[in-house]
Amino acid sequence: MHELSIATNLISLALEAIQNKSPALHTSAPRVDQVTLRVGRLAGVDAEALQFCYEIATRDTPLAGSQLVIEEVPAVVYCPACQAERELPSVQRFVCPECGQPTAELRRGRELELTCIQLVEPDTVSPPAG
Amino acid sequence: MTPRILEIRKNLLKRNDEIARELRSRLLADGVLVVNLVSGPGTGKTSLLRRTLTELRGRGFRVAALVGDLATDNDARRLAETGAPVRQITTDGLCHLEAAMVESHLAAWAPGPLDLLFIENVGNLVCPASYDLGESVRAVLLSVTEGEDKPLKYPTLFHSADVAVLTKIDLAEPCEFDRAAALSNLAAVRPGIPVLETSARTGAGIDAWIDFLLAARSRLAADPLPGR
Ligand SMILES: Nc1nc2c(ncn2[C@@H]2O[C@H](COP(=O)(O)OP(=O)(O)OP(=O)(O)O)[C@@H](O)[C@H]2O)c(=O)[nH]1
Ligand SMILES: [Mg+2]
Ligand SMILES: [Zn+2]
């Protein structure tokens, strides 16, 4: 199982991105609400295991308590007969769903990509609620 | 409180992919074909590799092997008996090898000029699929004893391979191995994949496997001539 190393990797990339784009994080501690990851059907990652590892690995980090949103990316192949990209209904059968032509030319579906982080930053003008 | 959205686009495996790409181009430029052997535990990676190292050495090629293992050095010892330089990468429980491990072990090891470098990955049908090690050939092994439907159960790994090797072919008959089913399952997840059949026990099919590797090396590596 390599979901723990994937989660650790994701956390350091996310923290790096937050630091670059929102340096205030350390001082005024905005809350991280959501981290969105695109996971291809053929990325070799189990979403459920990754959720579990994410929760554990974010403890004691500024990402603790944030939600991991996993967007699944379907497997898309190029069909040389149709000369078009086709989404595979099943990754157990690499054949064009339109014309039945076998094809191994994978165009999408291996993604493992941090795409978006949702923060809630304290308002600078009004004092923090509570 | 103001919600704020940071739009990012970062590949989690970028670092691994970059190291792998760099390794591959550097090694190919040096005329080294890197072969990554992947399979489930016990499929026959070490046994095939032993035969392969011995045979290639006999034909005058310079070969070496890096062996990933969770905890033991048994495989490395078995491979070192061939006389080829062998180096163990103990992963300490990590279920796959990563490009950075290959890079650092190669740097610390310097096995001398090579024609082919083999990497035996950790026996695992899931995790090694995601990690490019800088190989030019990824060979997935499937033994006749482990079930013809493995490609359908682990399409990610089988799809990622450049060649499939059916191992322990000497046991095909006693195991009532369904060759047609295995071939059709392999073709389903990776249309057009070349399939070879070998037995590390009897030596059957080893020559064809070696020929396949040497043809790949001539095609890919800068210096196609043996033993130079
Ligand atoms: N009959 C027969 N047995 C084989 C053959 N190849 C391997 N074996 C046996 O299968 C078992 C596992 O072989 P290994 O070569 O160690 O397999 P492996 O894939 O390296 O195993 P791990 O590194 O533990 O994942 C051993 O008992 C081998 O003797 C073969 O071609 N024929
Ligand atoms: Mg082994
Ligand atoms: Zn088509």
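Reply: Start with a definition: a polar contact is a pair of N or O atoms within 3.5 Å, and within protein one of the two must be able to donate a hydrogen and the other to accept it. By that rule, nine residue pairs are in polar contact across the interface of chain B and chain A, both residues of a pair being at pLDDT 80 or more. The pLDDT condition is there as this is a predicted model.

Me: What makes Lys10(B) and Glu16(A) a salt bridge?

Reply: The rule asks for a side-chain nitrogen of Lys or Arg within 4 Å of a carboxyl oxygen of Asp or Glu. The closest N and O atoms of Lys10(B) and Glu16(A) are 3.6 Å apart, and the pair is a salt bridge. The count between chain B and chain A is two salt bridges.

Me: Why is Thr156(B) called buried?

Reply: Buried means under 20% relative accessible area. Thr156(B) has 16%, so it counts as buried. This residue is found in helix 6 of chain B. Leaving aside neighbours within four places in sequence, Thr156(B) is in contact with residues including Arg41(A), Leu42(A), Arg110(A) and Ala129(B).

Me: What makes the arrangement around the zinc ion (ligand 3) tetrahedral?

Reply: Four donors count as tetrahedral if all angles lie between 85 and 135 degrees. The angles at the zinc ion (ligand 3) are 104 to 114 degrees, so its four donor atoms are in a tetrahedral arrangement. For comparison, the ideal angle for four tetrahedral donors is 109.5 degrees.

Me: How do you know which atoms are the protein donors of the zinc ion (ligand 3)?

Reply: An N, O or S atom is a donor to this metal if it is within 2.8 Å. The SG atoms of Cys79(A), Cys82(A), Cys96(A) and Cys99(A) lie 2.2 to 2.3 Å from the zinc ion (ligand 3) and are its protein donors. Their spacing in sequence is C-x2-C-x13-C-x2-C. Cys82(A) is in the loop between strand 3 (76–79) and strand 4 (84–87) of chain A, and Cys99(A) is in the loop between strand 4 and strand 5 (106–108), so this pair ties together parts 17 residues apart in sequence.

Me: Which residues coordinate the magnesium ion (ligand 2)?

Reply: Thr46(B) through OG1, Asp75(B) through OD and Glu120(B) through OE coordinate the magnesium ion (ligand 2), at 2.0 to 2.1 Å. Along the chain these donors follow the spacing T-x28-D-x44-E. Asp75(B) lies in helix 3 (residues 74–80) of chain B and Glu120(B) in strand 5 (residues 116–120), so the pair ties together parts 45 residues apart in sequence.

Me: Are Asp75(B) and Glu120(B) buried or exposed?

Reply: The limit for buried is under 20%. Asp75(B) has a relative accessible area of 13%, so it is buried. Glu120(B) is buried as well, because its value is 3%.

Me: What joins the side chains of Ser66(A) and Tyr54(A)?

Reply: They are joined by a polar contact of 2.8 Å, where the limit is 3.5 Å. The side chain of Ser66(A) also reaches the backbone oxygen of Leu63(A) at 2.6 Å. Ser66(A) is found in the loop between helix 3 (47–58) and strand 2 (67–73) of chain A. Its relative accessibility is 10%, so Ser66(A) counts as buried.

Definitions and conventions: Residues are numbered from 1 along each chain as its sequence is written. Chains are lettered from A and ligands numbered from 1 in the order in which they are written. This is a predicted model: local features need pLDDT of at least 70, side-chain atom pairs count only at pLDDT 80 or more; totals for chains, interfaces and linings use all residues. Side-chain values use heavy atoms; hydrogens and water are left out. Donors are N, O and S atoms within 2.8 Å of the metal (3.2 Å for Na, K and Ca); water is not among the atoms, so sites may look incomplete. Four donors count as tetrahedral if all angles lie between 85 and 135 degrees; four count as square planar and six as octahedral if opposite donors are over 155 degrees apart and all others between 65 and 115; anything else is irregular. Helices (H or I, at least four residues) and strands (E, at least two) are DSSP runs, numbered from the N terminus. Buried means under 20% relative accessible area, exposed over 50%, partly exposed in between (1.4 Å probe, protein chains only). Contact means heavy atoms within 4.5 Å.
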